[in-house]
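I opened this notebook page to record a search for salt bridges.

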Amino acid sequence: MSKSFFRNAFDRIAAARELQARRYVGSVLLSLDDDTLKSLGHSREELKRSGQSTYPF
């Protein structure tokens, strides 16, 4: 059985907001120094790659 219109709309909105949050957090993490990023388990290159998609608004 297919999803209802409202469930499908909610899923799409939730996915869009999650992507927006990931981009925001990525940009904040990029403002940290390399040692702090390394201690958090991230690298600057990884964060730059994950945030390269375009932002339509």
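The entries below follow the salt bridges one by one.

Basis. I worked from a predicted model, in which local features need pLDDT of at least 70, side-chain atom pairs count only at pLDDT 80 or more, and totals for chains, interfaces and linings use all residues. Residues are numbered from 1 along each chain as its sequence is written, and side-chain values use heavy atoms, with hydrogens and water left out.

Entry 1. I looked up salt bridges (a side-chain nitrogen of Lys or Arg within 4 Å of a carboxyl oxygen of Asp or Glu). I found three in the structure.

Entry 2. I noted a salt bridge between Arg-7 and Asp-11, at 3.5 Å from N to O. Both residues belong to helix H1 (residues 5–30) and stand four residues apart, about one turn of the helix. Helices are DSSP runs of H or I, at least four residues, numbered from the N terminus. For accessibility I used these classes: buried is under 20% relative accessible area, exposed over 50%, and partly exposed in between (1.4 Å probe, protein chains only). Asp-11 is partly exposed at 25%, and Arg-7 is partly exposed at 45%.

Entry 3. I recorded Glu-18 with Arg-22, whose closest N and O atoms are 2.9 Å apart. This pair also lies in helix H1, four residues apart. Glu-18 is partly exposed at 44%, whereas Arg-22 is exposed at 58%.

Entry 4. I then found Asp-34 and Arg-44 joined by a salt bridge of 2.8 Å, N to O. Arg-44 lies in helix H3 (residues 44–50) and Asp-34 in helix H2 (residues 34–40), so the pair ties together parts ten residues apart in sequence. Asp-34 is partly exposed, at 49%.

Technical notes:
Helices (H or I, at least four residues) and strands (E, at least two) are DSSP runs, numbered from the N terminus.
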